[in-house]
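Thanks for making time this morning.

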Amino acid sequence: MENGLGSSCIANDERWSLAGATAVVTGGTKGIGYAIVEELARFGAAIHTCSRNEAELNKCLKEWGAKNFKVTGSVCDVSCQADREKLMEDVKSTFGGKLSILVNNAGTGFVKPMVAITPDEYKFMMSTNLESAFHLTQLAHPLLKASGAGTIVNVSSLAGIVGIDNITIYGATKAALNQLTRSLACEWAKDNIRTNCVAPGSVRTPLMEPLLAIEEFVAKETYRIPLGRVAESEEVSAVVAFLCLPAACYINGQVICVDGGKSVNGNL
Ligand SMILES: NC(=O)c1ccc[n+]([C@@H]2O[C@H](COP(=O)([O-])OP(=O)(O)OC[C@H]3O[C@@H](n4cnc5c(N)ncnc54)[C@H](OP(=O)(O)O)[C@@H]3O)[C@@H](O)[C@H]2O)c1
């Protein structure tokens with residue numbers, strides 16, 4: 001049926017395709033990262049991912065190979081400078097010096113009162129959640145620029161927007177990612193690189209499994225979510241993929257909450 005935008009089917013529309021695109025997704029072996037790898041692969045991108053656990057990485061690469069997805073991987077601890085440099089060297093040689101998409105997804109968190117956080121825990125969170133994204137983005141710049149139309153998506157958190165007890169340091173790293181997103185959106189637009197951020201609320205992943213096993217936590221958490229439930233990883237990866245598509249070419253510098261409406265809920 002004619003829709004006024006032409007008669008071609010969306011599936012054949014290059015605005016809604018990542019065919020020919022190359023992507024790096026950090027932390028792709030579990031949870032949200034795994035879903036992002038699959039989502040981008042379904043849109044036709046070739047992906048390079050990483051994690052610290054070689055056996056898990058190889059298992060995932062095998063699963064994706066069986067689905068005919070184009071995914072390669074490196075063992076890399078994104079909190080370690082030398083590993084980050086090695087990862088981007090791997091990416092450079094795998095994709096011939098050009099990168100269309102960088103998704104800074106790898107991250108972690110723990111629940112602890114502010115007064116109990118040790119200097120080592122502070123450093124661990126900063127290097128895993130913030131320094132990793134900052135440095136990988138720096139390293140990716142020439143490759144993203146060389147692609148002619150690069151895009152970065154940072155995975156932050158609702159905890160970087162609103163205050164939540166006992167995850168202060170986690171929230172601080174994610175708030176910094178939100179601001180890094182806005183600043184780079186302005187600084188690198190001249191290189192035709194868009195930068196955006198997805199800020200999920202609670203998502204059912206291995207990271208959240210221990211908390212989501214506690215009935216009282218789930219009741220408290222979902223009480224303020226208008227949709228009344230936590231998210232699945234695929235509900236976050238869909239938004240990440242959209243931001244990477246040519247169809248999203250005028251979206252730049254945005255932090256998009258994927259939280260079932262929790263951040264806008266003013267009801268008691
Ligand atoms: N789940 C939620 O409710 C939620 C909400 C808001 C934001 N987020 C954010 O979403 C992102 C993904 O979270 P998730 O819940 O999917 O976590 P997850 O289930 O723990 O999965 C994390 C993935 O990242 C990898 N990873 C962790 N630390 C790494 C490191 N230092 N170097 C390389 N890879 C590393 C893990 O593999 P290895 O452990 O084998 O390295 C795994 O593949 C994080 O940035 C998190 O802060 C999650």
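Let me begin with Ser132, which counts as buried at 4% relative accessibility, where buried means under 20% relative accessible area, exposed means over 50% and partly exposed lies in between, computed with a 1.4 Å probe and the protein chains only. Before I go further, a word on provenance: this is a predicted model, in which local features need pLDDT of at least 70 and side-chain atom pairs count only at pLDDT 80 or more, while totals for chains, interfaces and linings use all residues. Residues are numbered from 1 along each chain as its sequence is written, and side-chain values use heavy atoms, with hydrogens and water left out.

Ser132 lies in helix 4, residues 119–147, and helices here are DSSP runs of H or I with at least four residues, strands being runs of E with at least two, both numbered from the N terminus. Leaving aside neighbours within four places in sequence, Ser132 is in contact with Val78, Arg84 and Ser127, contact meaning heavy atoms within 4.5 Å.

Now to strand 2, which covers residues 46–51 and contains Thr49 as well as His48. Thr49 is buried, with a relative accessible area of 1%, and a polar atom of the Thr49 side chain lies 2.6 Å from the backbone oxygen of Val25. Not counting residues up to four places away in sequence, Thr49 touches a set of residues that includes Val25, Leu57, Trp64 and Val71.

Let me turn to the ligand. Of the 30 residues around the ligand, Thr29, Asn105, Tyr170, Val203 and Thr205 come nearest, a residue being near if one of its heavy atoms lies within 4 Å. An oxygen atom of the ligand is 2.5 Å from an N or O atom in the side chain of Thr205, a backbone N or O atom of Asn105 lies 2.7 Å from a ligand oxygen, and a polar backbone atom of Lys30 is 3.2 Å from an oxygen atom of the ligand. The protein covers 95% of the 870 Å² of accessible area that the ligand has on its own, areas coming from the Shrake-Rupley method with a 1.4 Å probe and, for residues, with only the protein chains shown as cover. Helix 1 (31–42) and helix 5 (168–187) each supply at least two residues of the shell around the ligand.

Finally, the whole chain, which has eight helices and nine strands. Its radius of gyration is 18 Å, close to the 18 Å that the globule rule gives for 268 residues, so the chain is as compact as a globular protein of that length; the radius is taken over C-alpha atoms, and the rule is 2.2 Å times the number of residues to the power 0.38. Of the 268 residues, 47% count as buried.

How values were computed
A polar contact is a pair of N or O atoms within 3.5 Å; within protein, one must be able to donate a hydrogen and the other to accept it, and residues adjacent in sequence count only if both atoms are side-chain atoms.
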